[in-house]
Amino acid sequence: MKEYEIGHIISQEEYSDVAAYCNKKGDRTISLVDGKYIVTEIIITDEEVAISKRTERDRKLNSVTWRLERFQEQKQLGIETNDSEETYNKLLEYRQYLRNIPASDGFPYVDILDFDIWIETENIEKDAENIEEQQIEQEPATTEEQIEAE
């Protein structure tokens, strides 16, 4: 397939080939400028990225809310729940994580983790904290602590 650079003026004969190329490339489009069709770059604004991220976040919030509601209804009916009590509590934490996304550093250029990946990340962070706490507890006493102990 022939490549078409940004700024290329498109003839009538090549219009469909250029359109196919732009669709495949994904970063350019055809624009009408001063009565001529030209290959132009697709520019996505921060606002458009933010809208997209909020939509993604809202979709994940809805799926979490559905699971939370199902758990509550199953408990009320006295039937076996699909999720454990521990998972239910983690879902509540995850929902709060999702709510905080728009206020997070770097928004809208942030990754929004799926629940399963978020859980893994949380577990890794807790493991790292536990290791750090154990290392602090095992460190030998400093000179000041030795003097106070004597």
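Guide: Gladly! Leaving aside its neighbours within four places in sequence, Lys90 is in contact with Phe115, Trp118, Ile119 and Lys126; contact means heavy atoms within 4.5 Å. A word on the source: this is a predicted model, in which local features need pLDDT of at least 70 and side-chain atom pairs count only at pLDDT 80 or more, while totals for chains, interfaces and linings use all residues. Residues are numbered from 1 along each chain as its sequence is written, and side-chain values use heavy atoms, with hydrogens and water left out.

Lys90 lies in helix H3; helices (H or I, at least four residues) and strands (E, at least two) are DSSP runs, numbered from the N terminus. With a relative accessible area of 14%, Lys90 is buried. Here buried means under 20% relative accessible area, exposed over 50%, and partly exposed in between, using a 1.4 Å probe and protein chains only.

Now look at Tyr94. Apart from neighbours within four places in sequence, Tyr94 is in contact with Lys60, Val64, Leu113, Asp114, Phe115 and Trp118. Phe115 and Trp118 are also among the contacts of Lys90.

Tyr94 brings us to the largest nonpolar core, which has 16 residues. Such a core is a set of buried Ala, Val, Leu, Ile, Met, Phe, Trp, Tyr and Cys residues joined through side-chain atoms within 4.5 Å. Val64, Tyr94, Leu98 and Phe115 have the most contacts inside this core. Helix H2 (46-77), helix H3 (85-100) and helix H4 (115-138) are the elements that give two or more residues to this core. H2 provides the largest share, five residues. A second, separate core has seven residues, including Tyr4, Ile10, Val18 and Cys22. As a general background, nonpolar side chains tend to be buried together in soluble globular proteins.

In the loop between H3 and H4 sits Pro108, and a cis peptide bond joins Phe107 to Pro108, with omega about 15°. In the loop between E1 and E2 you will find Asp34, which has a positive phi of about 50° although it is not a glycine. Asp34 is exposed, with a relative accessible area of 75%. For context, most residues other than glycine have a negative phi, and most peptide bonds are trans.
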